[in-house]
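I opened my notebook to look up a few things in this model.

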Amino acid sequence: VTHSIPACIGSMTINGKQLDNESPVSIFAVNKCYETVQDGTFFDGSGFAALVREGYKVRSDVNITLEFRTTAAHGVLLGVSTARVDAIGLEIVHGKVLFHVNNGAGRITASYEPRGTNSLCDGKWHKLQANKSKHHISLIIDGNLVHTDNPYVQSTSADTNNPIYVGGYPADVKQNCLTSKTSFRGCLRNLVLTKGQHTELFDFSRAFDLRGVFPHSCPGAEH
């Protein structure tokens, strides 16, 4: 077995002596345990998850679905970019959800603004669907559809070749379709990217880089 166990461990004794969990000699990717947990992945607001090391190619179409819950009004949800301008990005800014796409000719944005300023940042689960089909983009939040006109109708393909960064991204990585550098704090679950007939559900425990991200459980109440 080469991977860690997604679980809580307590009251461990060796030869009758209880181990001191509070002041370990070293610690790596160990979080607190919680009284109540929910399925999902917890982002502590300090880092990101990096998926698809060899690079994800958005090209002409992609459909992204995920669920999120947060109490923060700002945070990166997802970004896929390239060294050039082509990119897509999903983020929460001032309590609004923004979906940016650049197919090479210029950035366009679909923006969902809830009626209440903090209604998406209320700590409850919200469903998001972002769709890019050639030069058309749309965003559906909790069943509410927003789409935007794209003046660059001849430009249809986002030729990305970088990893998918979720919940944030490293300081030395360029993201052409994100305005925020704030890492997401909260929980995400059910991240699915669909291209044509190919649907992929991403398991954060299989990310090639995880910083400040704890797969498999979200705290219901901290303990």
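I searched for disulfides first. A disulfide is a covalent bond between the sulfur atoms of two cysteines. I took a pair of cysteine sulfur atoms within 2.5 Å as the rule. By that rule I counted 0 disulfides. I note that this is a predicted model.

Next I asked: is C177 buried or exposed? Its relative accessibility is 0%. Buried means under 20%, so C177 counts as buried. I then looked up C218. Its relative accessibility is also 0%, so C218 counts as buried too.

How much of the protein is buried? I found that buried residues make up 44% of its 223 residues.

I turned to secondary structure. I listed 17 strands and 0 helices in the protein. Then I checked the radius of gyration, which is 19 Å. The globule rule gives 17 Å for 223 residues. The two values are close, so the protein is as compact as a globular protein of that length. I also noted the spans of the C-alpha trace along its principal axes: about 70 × 40 × 30 Å.

I looked at contacts between residues at least 6 apart in sequence. Of these, 73% join residues at least 24 apart.

The protein exposes about 12400 Å². Carbon and sulfur atoms supply 49% of that area.

Last, I looked up the charges. I counted 21 positive and 20 negative ones in the protein. How far apart are their mean positions? They lie 4 Å apart.

Methods
Residues are numbered from 1 along each chain as its sequence is written. This is a predicted model: local features need pLDDT of at least 70, side-chain atom pairs count only at pLDDT 80 or more; totals for chains, interfaces and linings use all residues. Side-chain values use heavy atoms; hydrogens and water are left out. Helices (H or I, at least four residues) and strands (E, at least two) are DSSP runs, numbered from the N terminus. The radius of gyration is taken over C-alpha atoms; the globule rule is 2.2 Å times the number of residues to the power 0.38. Buried means under 20% relative accessible area, exposed over 50%, partly exposed in between (1.4 Å probe, protein chains only). Contact means heavy atoms within 4.5 Å. Accessible areas come from the Shrake-Rupley method with a 1.4 Å probe; for residues, only the protein chains shown count as cover. Lys and Arg count as positive and Asp and Glu as negative; His and the chain ends are not counted. The place of a charge is taken as NZ of Lys, CZ of Arg, CG of Asp or CD of Glu.
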